[in-house]
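Morning, everyone. I have one structure to walk through today. Please bring it up on your screens.

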Amino acid sequence: MVLEGSTEALCPPSSLELRPSCNKSQHSSPVGPGSQPQDSLCPGEKEPVVYGELIVLGYNGSLANGDKGRRRSRLALHRRTKANGVKPDVIHNISTPLVSKALSNKSQHSISYTLSRSHSVIVEYTHDTNTDMFQIGRSTESMIDFVVTDTSPSAQSHGGGGEGGQSAQSTISRYACRILCERAPPYTARIYAAGFDSSKNIFLGERAAKWRTSDGLMDGLTTNGVLVMHPAGEFVSEPAPGLWREISVCGNVYALRETRSAQQRGKLVENESNALQDGSLIDLCGATLLWRTPGGLRRTPTLKQLESLRQELNAARPQCPVGFNTLAFPALAQRQTVDKKQPWVYVNCGHVHGYHNWGFRRERGPGTAPASGGDRECPMCRRVGPYVPLWMGCEGGLYLDSGPPTHAFCPCGHVCSERTVRGWSQIPLPHGTHAFHAACPFCGTWLSGEQGYIKLIFQGPLD
């Protein structure tokens with residue numbers, strides 16, 4: 001084994017930071033947004049430090065079977081009692097047969113880059129007292145802080161909240177990515193592709209995209225990649241999508257590959273950073289996560305406020321304009337069974353009705369194409385289109401403001417504020433190897449229609 005570097009030689013600039021780790025002996029149990037950890041308080045502090053929260057799109061507040069432990073739809077990252085971060089320390093050039101021996105020390109974090117059958121580069125890491133690390137992936141092993149499985153819109157219920165189960169052929173890596181948070185203000189959080197396994201190693205095999213950087217260090221990409229999109233403006237006030245980029249193992253930012261798992265990397269984007277900001281989206285090729293900062297979350301509705309908005313809607317006593325029966329949005333916890341008083345909407349026009357089983361329009365008349373089997377004709381304006389129940393968006397972290405729930409996504413019928421539907425309808429979310437589609441953040445359904453959302457038209461009580 002030949003020692004090629006030293007601590008000083010391997011301390012890269014911020015764009016090449018590579019300082020991950022998850023020490024089992026220091027591992028603190030992940031906590032959800034509603035709980036307060038006992039071990040995140042430092043001497044002299046009154047409240048625990050929260051770096052931010054990760055929210056999985058498509059689950060509308062919780063998994064169908066409930067949030068349990070590290071498998072949940074939302075996770076708050078708290079400052080740990082003791083730092084568990086690591087940073088690059090020493091780089092080794094070795095012959096491949098010696099790799100297993102070089103990585104046998106399970107107390108030492110390392111990244112192995114296999115360049116050929118006879119040559120590998122191993123980067124060792126040392127403890128970093130200034131950072132905390134959180135790992136995300138499909139694996140249920142203890143070093144993974146946030147267990148994420150594939151989100152499938154077709155497998156989810158009307159109210160959102162998929163099964164949270166694992167698909168037969170998951171495209172999410174077992175050790176997908178890691179987030180390092182600075183323990184001191186401003187608590188900057190940075191994302192890196194790949195996570196350390198149970199042996200505290202990251203392996204980039206011979207077929208993985210990898211290369212030497214201009215300063216002689218190593219970098220690489222994971223098989224399906226970790227994509228990140230930072231908002232172009234302030235997420236809550238000027239929602240506008242940025243450009244999707246790929247994050248490398250060392251935290252560098254690259255343009256997208258031609259396809260998700262192509263061998264050739266995209267071009268280095270030197271003026272962009274891997275630092276997360278409020279509204280940053282992280283795509284793991286099977287699930288998309290939203291990063292919200294504490295400041296951003298303070299401008300979104302709490303579950304209590306959402307319940308208040310629901311009660312205000314019901315207090316207005318909206319009526320079906322045909323049956324004249326009073327409509328009512330069901331309780332937020334009721335997300336699977338349609339209530340008999342639940343409002344329904346014609347998504348092509350926005351007229352809100354009670355449920356009825358008539359109005360199907362399979363043919364529109366001579367010389368016109370037939371409507372799809374589930375389409376109906378609105379009795380108010382005669383427009384033909386899907387007719388679906390309305391559901392409140394229950395995940396407050398997906399809202400862009402606390403405005404009244406006056407609009408709904410099409411065609412799923414999830415109700416939220418106007419700014420929220422306008423913002424999300426502009427964001428193309430990754431799908432498959434190279435496709436992008438705007439989708440409802442509450443259930444993951446692809447948006448349809450001219451805008452992807454509709455303004456709801458309620459009829460008030462006649463008295």
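I'll start with the whole chain, then go through strands, a helix, salt bridges and a surface patch.

First, a caution. This is a predicted model.

Now the overall numbers. The protein chain has 4 helices and 29 strands. Of its 463 residues, 54% are buried. The accessible surface comes to about 20,300 Å². Carbon and sulfur atoms own 50% of that surface. Next, contacts with a separation of 6 or more: residues 24 or more positions apart account for 67% of them.

Let's go to strand β2, residues 50–56. How many of its 7 residues are buried? The count is 6, so β2 is largely enclosed by the rest of the structure. Look at its partners. Strand β3, residues 74–78, pairs with β2 in the antiparallel sense, over 5 bridges. Within that pairing, G52 has L77 as its bridge partner. β18 also runs antiparallel to β2, joined by 4 bridges. There, L54 stands opposite W291.

Next is β14, residues 226–229. Its side chains point two ways. V226 and V228 go one way, L227 and M229 the other. Are these residues buried or exposed? All are buried. β14 also has antiparallel partners. One is β15, residues 245–247, through 3 bridges. In that pair, V226 stands opposite I247. Another is β17, again through 3 bridges. Here V228 has I282 as its bridge partner.

A quick stop at Y113. This tyrosine is found in strand β5, residues 110–116. Its relative accessibility is 0%, so Y113 counts as buried. Now take A208. It is 95 residues from Y113 along the chain, yet their C-alpha atoms are separated by 8.8 Å.

On to a sheet further along. It is open and has 4 strands, in the order β24-β26-β25-β29. The pairing is mixed. Which strands sit at the edges? They are β24, 391–392, and β29, 453–455, and each pairs on one side only. β24 pairs with β26, residues 414–416, in the parallel sense over 2 bridges. W391 stands opposite H414 in that pairing.

Helix α4, residues 418–425, packs on this sheet. The helix touches β25, β26 and β29. Its direction makes about 30° with that of β25. Which residues of α4 are buried? They are T420, V421, G423, W424 and S425. The cover over these buried residues includes β25, β26 and β29, and also β17 and β18.

Now the charges. Side chains of opposite charge can pair when their charged atoms come close. With a limit of 4 Å between nitrogen and oxygen, the count comes to 12 salt bridges.

Start with E395 and R74. Their closest N and O atoms are 2.4 Å apart. E395 lies in the loop between β24 and β25, and R74 is in strand β3, so the pair ties together parts that are 321 residues apart in sequence. Both residues are buried.

Then E246 and R257. This salt bridge is 2.6 Å, N to O. E246 is in strand β15, while R257 is in the loop between β16 and β17, 11 residues apart. Why do both count as buried? E246 has 2% relative accessibility, and R257 has 8%. The cut-off for buried is under 20%.

Third, R292 and D278. Here the N to O distance is 2.7 Å. R292 is in strand β18, and D278 is in the loop between β16 and β17, 14 residues apart. R292 and D278 are buried too. There is also a network: salt bridges with shared partners join E53, R74 and E395.

Last, the surface. V322, W358 and M380 form a nonpolar patch there. Together they have about 260 Å² of accessible area. W358 is in the loop between β20 and β21. Its relative accessibility is 39%, so W358 counts as partly exposed.

That's the tour. Questions, please.

Definitions and conventions
Residues are numbered from 1 along each chain as its sequence is written. This is a predicted model: local features need pLDDT of at least 70, side-chain atom pairs count only at pLDDT 80 or more; totals for chains, interfaces and linings use all residues. Side-chain values use heavy atoms; hydrogens and water are left out. Two strands pair if DSSP finds at least two bridges between them. Contact means heavy atoms within 4.5 Å. Axes are lines fitted to C-alpha atoms, for helices over the stretch in contact, and angles run from 0 to 180 degrees between N-to-C directions. Patches are made of residues with over 30% relative accessible area and no salt bridge: like charges are joined within 9 Å, nonpolar side chains (Val, Leu, Ile, Met, Phe, Trp, Tyr) within 5 Å. Accessible areas come from the Shrake-Rupley method with a 1.4 Å probe; for residues, only the protein chains shown count as cover. A salt bridge is a side-chain nitrogen of Lys or Arg within 4 Å of a carboxyl oxygen of Asp or Glu. Buried means under 20% relative accessible area, exposed over 50%, partly exposed in between (1.4 Å probe, protein chains only).
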